[in-house]
Amino acid sequence: MRAIVCGTWGGPEQLTLTEFPEPVPKSDEVKIDVHACSVNFADLLMIGGTYQTRPALPFVPGLEAAGTIASAPEGSGFQPGDRVVAILWHGGYAEQAVASARETFLLPAGVSFDVGAALTSAYVSTALALTRVAHLKPSEVLLVLGASGGVGLAAVQLGKALGATVIAVASTPDKLAVARAAGADHVISHADANWKEQVLAVAGSSGVSVCFDPVGGPLFDPALSTLGWGGRYVLVGFAAGQAPNIPAHRLLVKHRAVLGSSLRYFRYHDPAALRETMDQLFSWYAQGRITPRITLRLPLDQTADGLRTLAERRAIGKVVIHVREGRDAPPGVT
Ligand SMILES: NC(=O)c1ccc[n+]([C@@H]2O[C@H](COP(=O)([O-])OP(=O)(O)OC[C@H]3O[C@@H](n4cnc5c(N)ncnc54)[C@H](OP(=O)(O)O)[C@@H]3O)[C@@H](O)[C@H]2O)c1
């Protein structure tokens, strides 16, 4: 099969499009003919060898697979030809991938492979962080950092779907416009020296209830200061490259909490949450309450370009790779 292969730790430039052995499913796994896989920041960490886990080299990156079932174990509930999306450890940038049957979900009619791929890692991890870690409630105030990125834009939409007032923070006017169009009630540029004061001004007297942070670095400290009484700060990632040190004294008097949330570890510790969350996402998508914004679609041989848009901070919303474009699927088939 054709696959994007990481043969040495490094950046997108070291990835190669090559023939690679087809993956062999274990007894509890399905095999998927992959049509679409979205680009995630974690791909950059994984190919750089700095992710939480390091696959053995060489490996195929890519954290989800939207496509059709090629084979499935008996009793799994899947049949060859079923349209599905699956959460992967890695392996999505290839014509075939294997996935645990319990992390594979039927795509409802009307959900394209593109949308399935865009919804999976980004929206599932964001929904888990907001609902099961932060316990965001309707009428609370949600502050979203990195609000035009993959998980950030998902947080803006999910925050609105959950009934919160959403304050979106991003770097540039075009990114802020996208967050506004996705439903953010307030948009603020962290390029402004007084961005923290601007957040406090629009959050109201109770301050921010929940901060969703996939960025870390220099944004952490001011964002923590905006949390009001009982505020929850959810660390999702460190796209700025630096994990913050948590000043414990600033948690105590306001009963603030700093929490971590990881899709990967939900998979180990609360797998039932994945299916419930996926069902919720499909339902909200059908109701028009969330709509992944796919800003770039690329064929498999341009996967490295897709990854570069994230590394260079140019990506807005989701970038999706059309794995079979130009092979057995015509352009735009997803
Ligand atoms: N815990 C989980 O389960 C989970 C799941 C998915 C993703 N994540 C993590 O969440 C983070 C974001 O992932 P993503 O896929 O949403 O990435 P993304 O689409 O590239 O968005 C990242 C955002 O971070 C901001 N940023 C600040 N400094 C940056 C830098 N030096 N390089 C790149 N971006 C920078 C950018 O916003 P501005 O330009 O507006 O500042 C950008 O929009 C990553 O750390 C990823 O590993 C975690």
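User: At roughly what angle do the axes of helix H2 and helix H3 (residues 150–161) cross?

Analyst: This is a predicted model, in which local features need pLDDT of at least 70, side-chain atom pairs count only at pLDDT 80 or more, and totals for chains, interfaces and linings use all residues. Residues are numbered from 1 along each chain as its sequence is written, and side-chain values use heavy atoms, leaving out hydrogens and water. Helices (H or I, at least four residues) and strands (E, at least two) are DSSP runs numbered from the N terminus, while axes are lines fitted to C-alpha atoms, for helices over the stretch in contact, with angles from 0 to 180 degrees between N-to-C directions. The H2 and H3 axes come within 9 Å, and they cross at roughly 55 degrees.

User: How many charged residues are in the contact of H2 with H3?

Analyst: Contact means heavy atoms within 4.5 Å, and here Ala122, Tyr123 and Leu130 are among the H2 residues that meet H3 residues including Val151, Ala154 and Leu158. Ala, Val, Leu, Ile, Met, Phe, Trp, Tyr, Cys and Pro count as nonpolar, Asp, Glu, Lys and Arg as charged, and the others, Gly among them, as polar. The contact has eight nonpolar and five polar residues, and its number of charged residues is none.

User: How are H2 and H9 oriented to each other?

Analyst: Helix H2 (residues 113–133) also meets helix H9 (residues 271–286), with axes that come within 9 Å and cross at roughly 115 degrees. H2 and H9 are therefore roughly perpendicular.

User: Which two residues does a cis peptide bond join?

Analyst: Look in the loop between helix H1 (41–48) and strand E4 (64–71), the place of Pro58. Omega is about -10 degrees for the cis bond, which joins Leu57 and Pro58.

User: What is the phi of His135?

Analyst: His135 lies in the loop between H2 and strand E8 (141–144). Although His135 is not a glycine, its phi is positive, at about 50 degrees.

Conventions:
Angles under 35 degrees count as roughly parallel, over 145 as roughly antiparallel, 65 to 115 as roughly perpendicular and the rest as oblique.
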